[in-house]
Amino acid sequence: MIKVLIAEDVHMIRGALVALILLEDDMEVVAELDRGDRIVATALETRPDVAVVDIDLPGMDGLTAAGELYERMPECRALVLTGLSQPGNLLRALKLHVRGFIVKDAPAETLADGIRRVAAGERVIDPDLVAAALETGSSPLTPREADVLRAADGGLSTEEIAVSLSLTRATVRNYLSNAITKVNARNRIDAIRISRNAGWL
């Protein structure tokens with residue numbers, strides 16, 4: 001039996017994923033989670049073979065959690081579910097040793113097939129996502145510029161960003177200006193939108 005952990009914060013989608021997996025004779029769901037910051041601890045307790053993880057989770061995003069899971073329990077392979085709108089996430093996922101990357105609107109049988117292949121050590125990536133990621137490319141932002149944009153996306157003022165990231169206000173303004181220029185945005189809100197849509201944040 002392939003033991004599966006599912007992390008998805010939308011109750012109805014999580015229930016549908018569990019129901020799909022339970023239809024398979026060779027799979028069992030050993031854990032269901034609605035938060036990213038519980039993935040590693042739960043996986044260490046339940047020892048799944050595959051973790052099916054949504055990217056947008058409260059507590060910790062699914063990609064960060066998948067990276068930590070690889071560090072702590074490399075025998076558990078991560079399969080990420082995503083929307084087509086964020087191809088930049090694919091490049092980040094590959095760096096974090098994610099083995100599968102499937103779009104949420106793929107046919108139902110794609111999930112079971114993907115879990116089997118990932119459990120067998122294969123890499124499973126939606127070809128449309130690969131094409132979109134190649135088109136979008138890797139993030140032009142430095143890690144610090146991305147941190148500042150994320151903080152701005154949280155509604156923090158320049159001064160609040162400076163305090164939270166231990167930077168000066170001038171440095172924060174420089175990072176914001178650089179980010180706006182690099183992603184060809186009109187302002188910080190536009191830069192956040194462009195970066196989020198590309199999967200760079």
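Three elements, α1 (11-22), β5 (100-103) and α5 (108-119), each supply at least two residues to the lining of the second largest pocket. Helices here are DSSP runs of H or I with at least four residues, strands are runs of E with at least two, and both are numbered from the N terminus. A pocket is found on a 1 Å grid over the protein atoms alone, as an open set of points where a 1.4 Å probe fits, with protein on both sides within 12 Å along at least five of seven lines; lining residues have an atom within 4 Å of a point. The model is predicted, so local features need pLDDT of at least 70 and side-chain atom pairs count only at pLDDT 80 or more, while totals for chains, interfaces and linings use all residues. Residues are numbered from 1 along each chain as its sequence is written, and side-chain values use heavy atoms, with hydrogens and water left out.

Let us stay with that pocket for a moment. The second largest pocket holds about 160 Å³ of space, a volume filled by probe spheres set on grid points that are joined across faces, edges and corners. Its lining includes Ile13, Leu17 and Leu20, along with Leu81, Ile102, Val103 and Lys104. Ala106, Pro107, Ala108, Thr110 and Leu111 also line this pocket. What classes of residue make up the lining of the second largest pocket? Ten are nonpolar, one is polar and one is charged. In this scheme Ala, Val, Leu, Ile, Met, Phe, Trp, Tyr, Cys and Pro count as nonpolar, Asp, Glu, Lys and Arg as charged, and the others, Gly among them, as polar.

Ala16 also sits in helix α1. Ala16 counts as partly exposed because its relative accessibility is 40%; buried means under 20% relative accessible area, exposed over 50%, and partly exposed in between, using a 1.4 Å probe and protein chains only. From Ala16 to Ile39 there are 23 residues in sequence and 19 Å in space, C-alpha to C-alpha.

Now step back to the whole chain. The protein chain has ten helices and six strands, and 44% of its 201 residues count as buried. Its C-alpha atoms fill a box of roughly 60 × 35 × 30 Å along the principal axes. Among contacts (heavy atoms within 4.5 Å) between residues at least 6 apart in sequence, 66% join residues at least 24 apart.

The largest nonpolar core has 22 residues, of which Leu141, Val148, Leu149, Ile161, Val172 and Val183 touch the most other members. Such a core is a set of buried Ala, Val, Leu, Ile, Met, Phe, Trp, Tyr and Cys residues joined through side-chain atoms within 4.5 Å. At least two residues of this core come from each of α7 (143-153), α8 (158-164), α9 (169-182) and α10 (188-198), and α7 gives the largest share, five residues. A second, separate core of 17 residues includes Val4, Leu17, Ile21 and Leu81.

Helix α7 is worth a look of its own. Its buried residues are Glu145, Ala146, Val148, Leu149, Ala151 and Ala152, and they pack against α8, α9 and α10. An α-helix has 3.6 residues a turn, so residues three or four places apart point the same way. After α7 comes Gly155, with a positive phi near 90°.

Val172 is in contact with Val148, Thr158, Ile161, Ala162 and Leu167. Ala162, in helix α8, is buried because its relative accessible area is 6%, and its contacts are Leu167, Thr168, Arg169 and Val172. In helix α10, Ser195 has 0% relative accessibility and therefore counts as buried. Ser195 is in contact with Leu141, Leu149, Val183, Trp200 and Leu201.

Finally, turn to two loops. Arg47, between α2 (39-46) and β3 (50-54), has phi near 55°, a positive value in a residue other than glycine. Asn184, in the loop between α9 and α10, likewise has phi near 55°. Are these residues exposed or partly exposed? Arg47 is partly exposed at 37%, whereas Asn184 is exposed at 67% relative accessibility.
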